[in-house]
Amino acid sequence: MKTKTKIGWTATFLVFFSVIGCQKFLETPPDMRTVIDDPQKVSELLTSAYPRANYITFMESLSDNTGDKGPSAGAGTAVNRDPWMFQDVQNVSTDSPVNYWYACYRAIAAANQALKVIAEADNPADYVSQKGEALVARAYAHFMLVTLFARAYDPLTADTDPGIPYVTEPEDAVLKKYERHTVSYVYDQIERDLVEGLPLIDDTRYRVPKYHFTRAAANAFATRFYLFKQEYEKVIEHANNVFSGVSIVSLIRTVNTAAFRSMEYYAKQQWHTHFENPANLLLVEAGSIWGRSYASYRYGITTPLLGELFFGANVTGGTYAYMVYGGTELVYNIPKFREHFVTTTINAEYGNPYNMIPLFSGDEVLLNRAEAYAQMGDFDRSIEDLNTFASQKVYVSQNNPVYNPAQHTITRAKLRSFYGSDNLKQNLIDATLDFKRREFVHEGLRWFDILRHKLPVIHQTADRRETYVLGPNDPQRLLQLPEEVVLAGIQANPR
């Protein structure tokens, strides 16, 4: 007989929550729960298997993409200020690390509930694609947790570095003991779920594929995972899967064409995170005030950073085509996020703000492959990928917005001249990281490269009186676990 699983939509997915919250769920009458007993309902359940929270705010503040605009920009909110000063964020609400931690475990709980239904079904063959999505989604949420709340993967220390709890069963106990395991263990579990789940995914099942792990999105995730794991041949393999049968340029965000440049500001905002934008491989809706705040946050793009990031020289010899708006450092920004505001009732003037967050893009996949080629010593292919990327990002000048291959093509000689080193491999890696840094301004992904390459970050206040330094082995590189999780017995990160 088919097993019918009952879940509470508003409470089931909260992991590591307070005893009172858990008790309230366990005491919820069955008639207040939804019966999950067919593939369609499992598919609906899996819409909750993606972390619906924004990581960009604190990841961007931690990185070298932010400077201090000074007191005229205000005091700064905790989620923007504390990570910039390399301090634990004294805030647990929207856009905070604590909020993101819980969102990841809510997503994991949804994936686990779906997997439980599938395992108990009489007709498991009807749930193959849902199983694939659930496994990859579970892997992704755990990957983000171990990346942000544990030490970056290092093959020399991963067997002893504390990881995060890898949860594989639905939550049904008030007080359940969890272990952090090791980073190596967590990576093994992520890889197991990813390898098993990816081949099962069926893109034709999705009504709006960009909101789910399609084959392309799952392969994009694999390129990021294996880049962290330093298995570069697998990065290349999965990147090739993303680009199989399509033009690579078609999956890259183009910023140097007349068509894009002529779009008005709000249209650019909307297009950047739109599901019809072919560069976006996976999008998630997250409750967030990032879209309304990132331009005006105190710790953001300053005038010196503006010159360093976008108006300085680059290895192509051309000019970056990214369009910066604002007119003053108080609001410098590239239009990337358009807020969606949902009122609590039809006539209400208050409600909840949301942003669409691009979790994976063709741009990241291409640059991941470029770095992997460099790491593997395939320098010509790495240069080819960098040139493909640059062809969509640079032009001669604002007065002559045309990409000129004869002028802009990256060569070994240009790499040597620009970076001043005879080490071609390192020059290629540096060029890749430079491109990534600029491409993902306001998106937080620079923090991943800082973690992987153990890059130092130096922040200086506008008055130059205080300097904050984050060294390669600084414990503040690991976000701190939520206080209630530590109180429940899980080891805190060092401070």
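Modeller: A polar contact is a pair of N or O atoms within 3.5 Å; within protein, one must be able to donate a hydrogen and the other to accept it, and residues adjacent in sequence count only if both atoms are side-chain atoms. This is a predicted model: local features need pLDDT of at least 70, side-chain atom pairs 80 or more, while totals for chains, interfaces and linings use all residues. Numbering starts from 1 along each chain as its sequence is written, and side-chain values use heavy atoms, without hydrogens or water.

Biologist: What makes N423 the cap of α18?

Modeller: A side-chain oxygen of N423 lies 3.2 Å from the backbone nitrogen of K425. That is within the 3.5 Å limit. N423 caps the N-terminal end.

Biologist: Why is α18 called a helix, and what is its span?

Modeller: A helix is a DSSP run of H or I, at least four residues; a strand is a run of E, at least two.

Biologist: What makes β10 and β11 a pair?

Modeller: Pairing takes at least two DSSP bridges. Four join β10 (457-460) to β11, and the strands run antiparallel. H459 stands opposite Y468. Six residues lie between the strands of this hairpin, and R464 in the turn has a positive phi of about 65 degrees. In β11 (467-470), Y468 and L470 form the covered face; T467 and V469 form the uncovered one.

Key. Buried means under 20% relative accessible area, exposed over 50%, partly exposed in between (1.4 Å probe, protein chains only).
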